[in-house]
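The following report describes selected local features of one protein model. The sequence and structure are shown first.

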Amino acid sequence: MAKLKIPLSSRFSGLVGPKPTVLVTCCNPEGKVDIITVAAVTVASHEPPMFVISIKENRYSHNLIKAAGEFVINVPSIGLIEAVDLCGTLSGRDVDKFKEAHLTPEDGQVVSAPMIKECPINIECKVVASVKPGTHTLFVGQVVAAHVEEGLFDGVKLNLEKLHTIVFNGSEYRRPGAVIRSR
């Protein structure tokens, strides 16, 4: 099949997908909290463990993370899809997303940013680097604590039969599919 050359645009990141979708919580030094839906999260390092999240500079959460230097990656299950969508469409400048999405903040064990009680996985991170190569800032967060519901993680991989995570593909939320190969 022939390949077509396509024009570069702000939407061309959709060529790599679907992307894991998480809820990132943050707060500024004065304690103002927010939740942002992020479909741009990846491992940056295994030792020490680090993740990268990518947030557009004009987003309210961007400045909270920049000021506090920490965040929590909360992995939602598909049962939280309405909250995930709401947190990706409303601004924390205007509303309390915990209240609007019917989510419960829990104190982190290491960072000041709250965890989301309803999410089965919470990963507390301290920002160790950030870079703004274009429209988004890449925040590199070193994992300082991680919490997971019992039976969902065997130390290597998630049990996707029990935990139905969310991925984002263009304008649609999906769940991961079947195993096509195992090693």
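The model is predicted: local features need pLDDT of at least 70, side-chain atom pairs count only at pLDDT 80 or more, and totals for chains, interfaces and linings use all residues. Residues are numbered from 1 along each chain as its sequence is written, and side-chain values use heavy atoms, with hydrogens and water left out.

Helices (H or I, at least four residues) and strands (E, at least two) are DSSP runs numbered from the N terminus. Helix 1 spans residues 60-68, and Tyr60, Ser61, His62, Leu64 and Ile65 are buried there (under 20% relative accessible area, 1.4 Å probe, protein chains only). These buried residues pack against several strands, with contact meaning heavy atoms within 4.5 Å; the table lists the strands concerned.

| Strand packed against helix 1 | Residues |
|---|---|
| Strand 2 | 22-27 |
| Strand 3 | 33-38 |
| Strand 5 | 50-56 |
| Strand 6 | 70-75 |
| Strand 9 | 121-131 |
| Strand 10 | 136-148 |

An open sheet is formed by 3 strands in the order 1-11-12, with antiparallel pairing (two strands pair if DSSP finds at least two bridges between them). Strand 1 and strand 12 (172-174) are the edge strands, each pairing on one side only. Strand 11 (residues 167-169) is joined to the antiparallel strand 12 by 3 bridges; phenylalanine 168 has tyrosine 173 in strand 12 as its bridge partner.

Leucine 8 lies in the segment before strand 1 (19-20). Leucine 8 is exposed, at a relative accessible area of 72%, where exposed means over 50%.
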